[in-house]
Amino acid sequence: MKTMMKTMKKIKLNDSGILFDAESHTYCTKDGEVLQGITGRLKERAFPDEYKDVPEEVLQRAATRGTRIHHVLELYDKVGIETDDCMELENYMKAQTELPFLANHLQSEYLITDGEQYASAIDKVYIEDDGVILGDVKTTYHLNEEYVSWQLSIYAYFFNLINPDVEVKKLYALWFREDKYKVVEVERKSIEDVKKLLYTEEALPVTTVDEEMMPDINRAEAAIIEYKEAMEFCKAQYDKLKDGILAIMVANNIKKYDGQKISITRKCEGERVSFDSKAFKADHPDMYEKYMVKSKTPSSVIVKIK
């Protein structure tokens with residue numbers, strides 16, 4: 001522990017001179033000049049189809065959830081506050097026992113810039129010996145390691161512009177999704193390729209979409225889950241309302257209600273006569289086959305959330 005503290009005192013990060021407005025999510029210099037974030041450029045140049053099948057409202061809910069997890073991890077790293085009932089934090093603490101560098105937290109949300117056009121914030125900076133490890137926290141349904149590789153490579157380039165004497169030793173993706181987590185080292189792209197992405201329109205040395213890593217069906221998974229869960233919730237609420245209305249109509253002997261936008265008709269209790277096709281088939285198999293009518297059904301899928 002003493003060695004760790006001594007090492008941490010030797011590394012002091014320089015102030016980038018960038019200010020971040022959380023409300024408008026904009027970066028600017030102390031002179032008021034607004035700079036671009038890197039997300040738009042990164043998606044435009046290397047990942048134009050990222051989340052193309054996911055509706056905006058789903059992305060917004062995911063972003064809100066991701067922001068909350070980021071804040072929880074930041075509170076823990078900075079002041080040791082453990083938020084209750086947060087599985088992602090529990091897994092972060094577990095990961096620290098597996099990868100000791102995660103316990104050597106130096107700074108969260110470290111603001112960086114190229115000093116010209118772009119600015120951003122590094123989720124995590126950890127100390128590793130006499131250098132640092134940069135980490136980016138993801139809470140998406142799937143971890144796109146290639147995306148994080150480019151993202152952190154840009155961060156590493158900006159980081160060294162501000163801190164030329166501090167070595168960036170490794171880049172790590174930190175993925176936490178409910179009861180699942182993965183902390184994995186990602187490749188660092190060359191400075192030449194980073195500059196090509198940021199400042200030119202030249203072709204990049206990667207395919208724009210890695211079909212094995214992020215096929216269309218994977219991009220749609222988050223939306224499918226959101227809609228299925230929302231549908232089940234709405235159906236449960238709808239059925240609950242119908243049961244309540246039925247109880248009121250029965251108690252007051254109301255047969256029909258006509259409102260401005262809907263009408264509700266109460267069906268009284270009764271008996272229903274149905275044909276027992278299973279018993280008929282057992283007793284009269286030949287006749288059953290004679291009256292069977294075959295028709296084509298459209299193809300479909302069965303969705304099961306794990």
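Visitor: Which residues of H5 and H6 meet?
Guide: From H5, Trp150, Ser153, Ile154, Tyr157 and Phe158. From H6, Ile191, Asp193, Val194, Lys195, Leu197, Leu198 and Tyr199. Keep in mind that this is a predicted model.

Visitor: How do the residues of that contact divide into nonpolar, polar and charged?
Guide: The contact of H5 with H6 has nine nonpolar residues, one polar and two charged.

Visitor: And at what angle do the axes of H5 and H6 cross?
Guide: Roughly 100°, and the axes come within 10 Å. An angle of 65 to 115 degrees counts as roughly perpendicular, so that is how H5 and H6 stand to each other.

Visitor: Which residues are buried in H6?
Guide: H6 covers residues 191-199, and Asp193, Val194, Lys196, Leu197 and Leu198 are buried there.

Visitor: What do those buried residues pack against?
Guide: Two helices: H2 (39-45) and H5 (145-162).

Visitor: OK, on to H3 and H4. How do their axes cross?
Guide: At roughly 45°, coming within 10 Å. H3 is residues 56-79 and H4 is residues 87-98. The angle makes H3 oblique to H4.

Visitor: Left-handed or right-handed crossing?
Guide: Right-handed, as H3 passes H4.

Visitor: Which residues meet there?
Guide: On the H3 side, Arg65, Ile69, Val72, Leu73, Tyr76 and Asp77. On the H4 side, Glu88, Leu89, Tyr92, Met93 and Gln96. By class, the contact of H3 with H4 has seven nonpolar residues, one polar and three charged.

Visitor: Now the sheets. What order do the strands take in the five-strand one?
Guide: E4-E5-E6-E7-E8. The sheet is open, and its pairing is mixed.

Visitor: Which are the edge strands?
Guide: E4 (105-113) and E8, each pairing on one side only. From one strand to the next, the twist averages 30°.

Visitor: Which strands does H3 touch when it packs on that sheet?
Guide: E4, E5 (119-128), E6 (131-138) and E7. The direction of H3 makes about 130° with that of E4.

Visitor: And H5, which strands does it touch?
Guide: H5 packs on the sheet too, touching E4, E5, E6, E7 and E8. The direction of H5 makes about 140° with that of E6.

Visitor: Zoom in on E7 and E8. How many bridges pair them?
Guide: Six, in the antiparallel sense. E7 runs over residues 168-177 and E8 over residues 180-185.

Visitor: What stands opposite Tryptophan 175?
Guide: Lysine 182 in E8. Tyrosine 172 stands opposite glutamate 185, again in E8.

Visitor: Which residue takes a positive phi in that hairpin?
Guide: Glutamate 178, with phi near 55°. The hairpin of E7 and E8 has two residues between the strands.

Visitor: What about the three-strand sheet, what order there?
Guide: E1-E2-E3. That sheet is open, with antiparallel pairing. E1 (18-21) and E3 (34-35) each have a single partner strand, so one side of each lacks a neighbour in the sheet.

Visitor: How many bridges pair E1 and E2?
Guide: Four, in the antiparallel sense; E2 is residues 26-29.

Visitor: And what stands opposite Phenylalanine 20?
Guide: Tyrosine 27 in E2.

Visitor: Remind me, what do strands of a sheet pair through?
Guide: Backbone hydrogen bonds, either parallel or antiparallel.

Definitions and conventions:
Residues numbered from 1 in each chain as written. Predicted model: local features only at pLDDT ≥ 70, side-chain atom pairs only at ≥ 80, totals over all residues. Heavy atoms only, no water. Pairing = 2+ DSSP bridges. Axes fitted to C-alpha atoms, helices over the stretch in contact; angles between N-to-C directions. Parallel < 35°, antiparallel > 145°, perpendicular 65-115°, else oblique. Left-handed = near helix turned anticlockwise from the far one by under 90°. Contact = heavy atoms within 4.5 Å. Nonpolar A, V, L, I, M, F, W, Y, C, P; charged D, E, K, R; others polar. Buried < 20%, exposed > 50% of the residue type's maximum accessible area, 1.4 Å probe, protein only.
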